[in-house]
Amino acid sequence: MTDIFDSLDDGSRDQSDSSVRRRKLTERPLFIVMIIVAFVLAIAVAVAAIGGIFTKQLADTFDSDTKKIAGAFPEEGTRPDSNGSEALNILLMGSDSRGDSTSIDQSGPSNQRTDTMMLVHVSADRQSVSVMSIMRDLWVPIPGHGTHKINAAFAYGGAALTVQTVEQMLGVRIDHVAIMDFEGFGAMTSALGGVDVQNQRAFTIDGEHFDAGSIHLEGARALLFVRARYPFVDGDYQRVRNQQAFMKAIVQRLVTTSTLTSPTRISDFVRTTSSYMSVDESFTSKTILDLGLGLRDVRQDDIRFFTIPTAGTGTSEDGQSIVLVNEQEMPSLREALARDELDTYPPAN
């Protein structure tokens, strides 16, 4: 792990912003939390300053504080074969409220939508991680409900129907599901002391201005950054780019020496993250730890972010603003997933 420490700027800050704006938002951020926790648990084992007892405490915290998703997957017979591959596909979703049992605990319909969604593909050799953003307004078939925006799948049938919709679209089996409540976002960044993000475009939202270049984000200000779409001409596309930049910053912050050698900071992060997270019943701390240990040689350059191929925006027959699937590119994406070659797949956009 020494080369990770040497290659990254510490960026340690003692700032703390415990006041997080807790108001209803129309956009929900989503983070690669499962991969982040995997890194933390794995590195905790490797760092001499943190012993096995502390690692067990982290695992116990994860298992006790995360909420389990009952009926997270569709019935067998409606799903793609696993093909015996050791690769992992993890579906990450944003939720309106972790405590709403109708939207998270059950596989049935609810009044919630997943406004942000990502597929995390971990290669079979554990040498690369690909994170693919799925646009929330992507116009796709939802089994049993016709064609709709993909975020409607959760409203129609919870996690199970969302998984079935994504599996049908990509032709690949989803192994695990994780849902993050946006209200944990501010607390999570505060537990890390904030993160430094490379912002592509200067913008202002709700009276807050964000300069282009390196900016420090924490708490409510970080939440504004990842949810912003109206300041941009290309709306959700730039919002996805900002979310990906933020995720990179989270990973970078986690692997700094100031974080990894601080049991308090690691414990606070895992506790905060777990309390706002729901996972499928098989995604336990042991699964996370095994995954993290397998990823111990992965570096920042081995984590790749891109967006599912799209063909721009359009309008549905009933007047909705939608994002169109790039049907010409989808076969190559499906093939790359099936062959576990997503790390070399050339995104069209």
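How are α7 and α8 oriented to each other? The model is predicted, with local features requiring pLDDT of at least 70 and side-chain atom pairs counting only at pLDDT 80 or more, while totals for chains, interfaces and linings use all residues. Residues are numbered from 1 along each chain as its sequence is written, and side-chain values use heavy atoms, without hydrogens and water.

The axes of helix α7 (residues 219-227) and α8 come within 7 Å and cross at roughly 135°, and the two helices are therefore oblique to each other, a class left for angles that are not under 35 degrees (roughly parallel), over 145 (roughly antiparallel) or 65 to 115 (roughly perpendicular). Axes here are lines fitted to C-alpha atoms over the stretch in contact, with angles from 0 to 180 degrees between N-to-C directions; helices are DSSP runs of H or I with at least four residues, and strands are runs of E with at least two. Contact, meaning heavy atoms within 4.5 Å, involves A222, F225, V226 and R227 of α7 and R239, N242, Q243 and F246 of α8.

F225 and F246 are also among the residues that touch the most other members of the largest nonpolar core, which has 49 residues; such a core joins buried Ala, Val, Leu, Ile, Met, Phe, Trp, Tyr and Cys residues through side-chain atoms within 4.5 Å, buried being under 20% relative accessible area, exposed over 50% and partly exposed in between (1.4 Å probe, protein chains only). Helix α8 (residues 236-254) supplies the largest share of this core, 7 residues.

R239 belongs to a network of salt bridges with R136, D137, K149, R229 and D236, each bridge placing a Lys or Arg side-chain nitrogen within 4 Å of an Asp or Glu carboxyl oxygen. K149 and D137 are both buried.
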